[in-house]
Amino acid sequence: MSLPRINSRTPLHQFNNDDKQRPMSPNPHVAYILGALNPRKPKQRTTFVALIILVCLTSYIFIAHSASLSSSIALRRSEPSSADQLALALETMQNSRLADISKGHGSRKGHKHIRPPLRLDSAQELAAVSSFLASLPQNVIPHHVDPALPVDPPLVLDFDTRGPRAREEVRAMVEDVWLRNPVFVYSKHYSPASRELKSILSNLYLLPAPTIIDVDLREDADILTPMLKRLTSSPDLPVLLVGGKPIYSVEKVRELEKSGELQKIITAAGSLVNGSKRKKNRK
Ligand SMILES: *[C@@H]1O[C@H](CO)[C@@H](O)[C@H](O)[C@H]1NC(C)=O
């Protein structure tokens, strides 16, 4: 393939070329090689064979390397074919995976293409935690979580929080959780205020029914209680969420119910007042 280059680097090939022109070269290397060809000097012949093998190996490595180099250059320069696009797509995927890995190890060495980790505002965090707790009864906030700090999104979100669509998915999750649970209560089972709040809601015969989580009965109560105080800006439980908006204190809820305002905002959030009453009357 690129024999001239090899010749310029290896004395043996040079000898071959020179040999055709000047068979009686005074070059001491040539004299040595010529001597090696002499069958009466087996030691020198062994050296000669070793030299040939070395040259062949060097040439092979050189040719293989230059071939792979030139083919990769050709690939980049040629018009994008479907194969090239596939190669490019694979490369991009690999790069993004590498970026994910390096991010996963917490090493952000100033790479501009690495997406910053997803951050949730407190409304999104409240939605994420509520969605997590409401979706499965066995979902528990792990005890290593510091309730004073924003929760690590992957702990409570079931999609790739580092993916390119993470922001959209968060928006969809927030919408979805309050659509499924328009009336959400974080209560304390052993508390008169919670009992009164549940009673007010029960008398509204809501459809869908309120989602009620008795925080003090949960094994993650010690983390969840301060976390909810932070996320709902409420000094205590129970706290009522209507369409994801916290309404704190039973007194406030009672007032809103008396004025009919509570029914309005609950209806606007998507829960039907008296919706479950008619069903009960029919029975
Ligand atoms: C629900 O039913 C109660 C009593 O049956 C009634 O007073 C109230 O107006 C109803 N509310 C709505 C929003 O339909």
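A contact is a pair of heavy atoms within 4.5 Å. On that basis, residues 24 or more positions apart account for 66% of the contacts in the chain with a separation of 6 or more. The structure is a predicted model, in which local features need pLDDT of at least 70 and side-chain atom pairs count only at pLDDT 80 or more, while totals for chains, interfaces and linings use all residues. Residues are numbered from 1 along each chain as its sequence is written, and side-chain values use heavy atoms, with hydrogens and water left out.

**The chain as a whole**

- The chain has 13 helices and 4 strands; these are DSSP runs numbered from the N terminus, with helices (H or I) of at least four residues and strands (E) of at least two.
- Of the 283 residues of the chain, 34% count as buried; buried means under 20% relative accessible area, exposed means over 50%, and partly exposed lies in between (1.4 Å probe, protein chains only).

- Helix α10 covers residues 221–232, and its 12 residues reach 16 Å from the first C-alpha to the last, close to the 16 Å expected at 1.5 Å a residue; the expected span is 1.5 Å times one less than the number of residues.
- Its buried residues are Ala221, Ile223, Leu224, Met227, Leu228, Leu231 and Thr232.
- Seen down the axis of α10, these buried residues fall within an arc of 150 degrees, so they line one face of the helix; the arc is that of the directions from the helix axis to the C-beta atoms.
- An α-helix has 3.6 residues a turn, so residues three or four places apart point the same way.
- The buried residues of α10 pack against α6 (122–135), β1 (183–187), β3 (239–242) and β4 (245–248).
- Ser233 follows α10 and lies in the loop between α10 and β3; Ser233 has a positive phi of about 50 degrees although it is not a glycine, and is exposed at 67% relative accessible area.
- Pro238 also lies in the loop between α10 and β3, where a cis peptide bond with omega of about 10 degrees joins Leu237 and Pro238.

**Helix α12**

- In helix α12 (residues 261–269), the buried residues are Leu262, Gln263, Ile266 and Ala269.
- These cover an arc of only 125 degrees around the axis, which puts them on the same side of α12.
- Lys264 and Ala268 are exposed on the other side of α12.
- The cover over the buried residues of α12 includes β1, β3 and β4, as well as α8 (166–180), α9 (192–202) and α11 (250–259).
- Gly270 follows α12 and has a positive phi, near 115 degrees.

**The ligand and its surroundings**

- Val273, Asn274 and Lys277 are the residues around the ligand, each with a heavy atom within 4 Å of it.
- Taken alone the ligand exposes 370 Å², of which the protein buries 33%.
- An oxygen atom of the ligand is 2.4 Å from an N or O atom in the side chain of Lys277.
- Lys277 is found in helix α13 (residues 277–282) and is partly exposed, with a relative accessible area of 33%.
- Asn274 lies in the loop between α12 and α13; its phi is positive, near 65 degrees, in a residue other than glycine.

Methods: A polar contact is a pair of N or O atoms within 3.5 Å; within protein, one must be able to donate a hydrogen and the other to accept it, and residues adjacent in sequence count only if both atoms are side-chain atoms. Accessible areas come from the Shrake-Rupley method with a 1.4 Å probe; for residues, only the protein chains shown count as cover.
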